[in-house]
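Here is a friendly briefing to read alongside the model. Take a look at the structure first, and then we can walk through it topic by topic.

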Amino acid sequence: MSQTTEGKRHDLMSIAVATPAELVDATGMSDAVAKKMIAVARSSLEMGFESGEELLKRREKVQRIKTGSKNFDALLGGGLETGAIVECFGEFGSGKTQIGHVLAVNSQSIEKDAVAVYIDTENTFRPERIIQLAKGAGLDEEQVLKNIKVARAYNSDHQMLLAEKIEDLIKKQGLNVKLVVIDSLTAHFRAEFIGRGTLADRQQKLNKHMHILLKLADTHNLCVYVTNQVMAKPDMFFGDPTQAIGGHIVAHASTFRVYLRKGKKGTRVAKLIDSPNMPEGEAGFYVDETGVKDVE
Ligand code: GTP
Ligand code: MG
């Protein structure tokens, strides 16, 4: 497939906003050439302001991936938006991976030939579960499985590389990627960078990773769903004593943030923490064999 105008604009943009050192690093070109390239990219690019009207038009292109629970969808304004990063964080067993599976199935209903990319860092992706969910959604399970591209990420560098390769799936293989799942976004980073001295390095890498994901979401009008663990906040005595991993970097880059916790009798509660235009709120749901459902 030939590269889209939008894609070219983004390549140009990457050069325009790069530092000479980054280009030298990436390509081995001389500093002088790098500077010249950046200057050319900058002048040929409309470093643009868009009118509110144009932005509104772009917003009209937003599609929504359903969870299967009307309450959960309503919390997010009707489902998970394309063009956005949606982060779900919560303790083990709170449903983050299950929701990732459900989205991988349901994303295929928003457009013909829609493809879901699943980056699995914890070896918890299960094709058998996809079959169950596809049946539950009344979809052809073979087709659904075919349209999920799964990669196992073995460490944080590998994870970052895989995220960068998604661009190739779209541009070179012509796949209509509508959803990218990263489950878990932070587990490798958390395991590899231990101790205070390495925290700054970890955050810097995570920041880069998040920006690659944001750019993907934005350029290709796709939804990025990332999961995140929580850790105990030892200095907290009231309220919920947990906080998400990845700190401000992950929090800021995510367009929507949802906190999942276990409710009564096997139910789950999703709480919208951060969103550009939806009020904070909660939705009760549960996971069963066929998918994600409303708590009545
Ligand atoms: P961690 O990755 O450990 O942090 O947890 P998670 O938030 O990813 O939890 P996950 O999505 O794996 O949720 C697990 C829960 O979903 C289980 O405790 C079950 O209640 C439910 N669940 C998982 N698989 C199935 C299934 O096939 N059928 C049904 N009915 N429920 C399931
Ligand atoms: Mg999980």
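Helix H6 gives the largest share of the shell around ligand 1, 3 residues. Helices and strands here are DSSP runs numbered from the N terminus, helices being H or I with at least four residues and strands E with at least two. This is a predicted model, in which local features need pLDDT of at least 70 and side-chain atom pairs count only at pLDDT 80 or more, while totals for chains, interfaces and linings use all residues. Residues are numbered from 1 along each chain as its sequence is written, chains are lettered from A and ligands numbered from 1 in the order in which they are written, and side-chain values use heavy atoms, with hydrogens and water left out.

**Around ligand 1**

- Of the 16 residues around ligand 1, Gly 93, Gly 95, Lys 96, Thr 97 and Gln 98 come nearest; a residue belongs here if one of its heavy atoms lies within 4 Å of the ligand.
- The shell residues divide into 2 nonpolar, 7 polar and 7 charged, where Ala, Val, Leu, Ile, Met, Phe, Trp, Tyr, Cys and Pro count as nonpolar, Asp, Glu, Lys and Arg as charged, and the others, Gly among them, as polar.
- An oxygen atom of ligand 1 is 2.7 Å from an N or O atom in the side chain of Thr 97.
- For Gly 95, a backbone N or O atom lies 3.0 Å from an oxygen atom of ligand 1.
- The side chain of Arg 129 has an N or O atom 3.2 Å from an oxygen atom of ligand 1.
- The protein buries 64% of the 670 Å² that ligand 1 exposes when taken alone, with areas from the Shrake-Rupley method and a 1.4 Å probe.
- Two or more shell residues come from each of helix H6 (96–106), helix H7 (127–136) and strand E12 (281–288).

**Helix H6 and its cover**

- H6 is mostly covered, with 10 of its 11 residues buried; buried means under 20% relative accessible area, exposed over 50%, and partly exposed in between (1.4 Å probe, protein chains only).
- Among the buried residues of H6 are Lys 96 and Thr 97.

- Thr 121 sits in the loop between strand E4 (114–120) and H7, and counts as buried because its relative accessibility is 6%.
- A polar atom of the Thr 121 side chain lies 2.9 Å from the backbone nitrogen of Ser 184.
- Setting aside neighbours within four places in sequence, Thr 121 has contacts (heavy atoms within 4.5 Å) that include Arg 152, Gln 159, Asp 183 and Ser 184.
- The peptide bond from Asp 183 to Ser 184 is cis, with omega near 5 degrees.
- Ser 184 itself is in the loop between strand E6 (176–183) and helix H10 (187–192).

**Positive phi angles**

- Asp 113, in the loop between H6 and E4, has a positive phi of about 65 degrees although it is not a glycine.
- At 51% relative accessibility, Asp 113 is exposed.
- Lys 265 lies in the loop between strand E10 (256–262) and strand E11 (268–274), and its phi is positive at about 50 degrees, although it is not a glycine.
- Lys 265 is exposed, at 85% relative accessibility.

**Domains**

- The protein is divided into domain 1 (3–48) and domain 2 (57–294), with bounds from an automatic or database domain assignment.
- The centres of domain 1 and domain 2, taken over C-alpha atoms, are separated by 31 Å.

Definitions and conventions. Polar contact = N/O pair within 3.5 Å; in protein donor to acceptor, adjacent residues only side chain to side chain.
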